[in-house]
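Visitor: Could you walk me through this structure, one question at a time?
Guide: Gladly! Here it is.

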Amino acid sequence: MKYKQREEIKTRLKTIFVTGTAGSGKSSLTSKLLEYYTRNGANVAVLNLDPGVESMPYNCDVDVRDYVDYVSIMQQYSLGPNGALVMANDLIASKIDEIQNEVDQINPDYLIVDTPGQIELFAYRSSGRFIVDNLRSDEKTSIFLFDGSIVTTPVNFVSIALLATSIRLRLNLPTINAITKTDVIDTKLKDILQWSTSLSTLENAISKDTDGETYALTTSILRGLNLNGFAQGLIPISNLTGEGIVNLESALSRILNLGEEVEG
Ligand SMILES: Nc1nc2c(ncn2[C@@H]2O[C@H](COP(=O)(O)OP(=O)(O)OP(=O)(O)O)[C@@H](O)[C@H]2O)c(=O)[nH]1
Ligand SMILES: [Mg+2]
């Protein structure tokens, strides 16, 4: 009986959507998570939702490029790159049953979803939300990546935090915030982590860095946002060195398995 219960828990599908600004490290992290979970004995599948990507750093199990050809959409409908991406995303949404079938065939423990670089096309258009809502999974969560090379000034930090909040609102998923590229920001990381946990430290940093108007705007955004809601628990990671991936997995595990770690 006990054994049977374990089996039942193991086959529950857990889906992780990897989101973040363009170039923040979504595909690299997808690859790292695939490596991590596989090493720990889990059955993992990766779904690439980016129709415009040319190459990625992992072997993809389910790939939307098998369903839509972004370049021919551009040519056939005389669309620019973004118009073609919008159309490609709508077409992908219409293929949700086929995509779901492919995932079901694999029957993984974890499905890691690499999302398109153009986050606004994915998160704000109805097709992106449709895919998030309609992929069948027992548990779903998302990771939002703060690009470490961008959030090195307090105003950039607040801007990206605002975006993270907006995406969270839009996708309506429990979200873990992580900061990438810690290997290149070095000592700045300490400041960023302080900004993320202390409103007064962040406001002081903004006041030193900006004129009155920007200060007033940034601090009123901040107070409205409620710092606890977006950046507490910002997890530092490097996709290059692998630093912090274990902490990220623990945070994922708390949401997805209610505290149960991946079995090794
Ligand atoms: N130094 C360093 N470079 C990184 C890290 N993560 C990603 N990169 C680099 O940043 C660039 C973009 O990484 P990707 O993983 O393609 O980012 P992405 O968010 O998938 O990009 P798009 O899908 O194009 O939006 C690549 O050159 C990566 O090698 C990191 O933690 N440290
Ligand atoms: Mg990518």
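Predicted model: local features only at pLDDT ≥ 70, side-chain atom pairs only at ≥ 80, totals over all residues.

Visitor: Is serine 78 buried or exposed?
Guide: Serine 78 sits in the loop between α3 (70–76) and α4 (81–94). Its phi is positive, about 50 degrees, although serine 78 is not a glycine. The cut-off for exposed is 12 or fewer neighbours. Serine 78 has 8 C-beta neighbours inside 10 Å, so it counts as exposed.

Visitor: And is asparagine 107 buried or exposed?
Guide: Asparagine 107 lies in the loop between α5 (96–106) and β4 (110–114). Here too phi is positive in a residue other than glycine, with a value near 55 degrees. Because 10 other C-beta atoms lie within 10 Å of asparagine 107, it is exposed.

Visitor: How compact is the chain for its 264 residues?
Guide: The chain has 14 helices and seven strands. Its radius of gyration is 19 Å, close to the 18 Å that the globule rule gives for 264 residues, so the chain is as compact as a globular protein of that length.

Visitor: What share of the contacts in the chain, counting those with a separation of 6 or more, joins residues 24 or more positions apart?
Guide: For some background, buried residues make up 37% of the 264 residues in the chain. Now take the contacts with a separation of 6 or more: the share from residues 24 or more positions apart is 76%.

Visitor: Which strands are at the edges of the sheet?
Guide: The sheet is open and has seven strands with parallel pairing, in the order β3-β2-β4-β1-β5-β6-β7. An edge strand pairs on one side only, and the two that do so are β3 (62–63) and β7 (235–236).

Visitor: Which residue of β3 is the bridge partner of leucine 47?
Guide: Strand β2 (residues 44–48) pairs with β3 in the parallel sense, over two bridges. In β3, the partner of leucine 47 is valine 62.

Visitor: How many of the eight residues of β5 are buried?
Guide: In the strand order, β5 stands between β1 and β6. With β1 (residues 14–20) it pairs in the parallel sense over seven bridges, and glycine 20 stands opposite leucine 145 in β5. Five bridges join β5 to β6, again running parallel, with phenylalanine 144 opposite asparagine 177 in β6. Strand β5 (residues 139–146) is mostly covered, and the number of its residues that are buried is six.

Visitor: How wide is the arc that the buried residues of α10 cover around the axis?
Guide: The buried residues of helix α10 (residues 188–197) are Ile192, Trp195 and Ser196. They are on the same side of α10, because the arc they cover is only 100 degrees.

Visitor: Which elements do the buried residues of α10 pack against?
Guide: An α-helix has 3.6 residues a turn, so residues three or four places apart point the same way. For the buried residues of α10, the packing partners are α8 (154–171), β6 (175–179) and α11 (199–209).

Visitor: Which element gives the largest share of the shell around ligand 1?
Guide: Ligand 1 is surrounded by 17 residues, and the closest are Gly25, Lys26, Ser27, Ser28 and Gly117. Two elements give two or more residues to this shell, α2 (26–39) and α9 (182–185). By kind, the shell divides into three nonpolar, 10 polar and four charged residues. The largest share, three residues, comes from α2.

Notes. Residues numbered from 1 in each chain as written. Chains lettered and ligands numbered in written order. Near = placed C-beta within 6 Å. Helix = DSSP H or I, 4+ residues; strand = E, 2+ residues; numbered from the N terminus. Nonpolar A, V, L, I, M, F, W, Y, C, P; charged D, E, K, R; others polar. Buried ≥ 20, exposed ≤ 12 C-beta atoms within 10 Å, placed from the backbone. Rg over C-alpha atoms; globule rule 2.2 N^0.38 Å. Contact = placed C-beta atoms within 7 Å. Arc of directions from axis to C-beta. Pairing = 2+ DSSP bridges.
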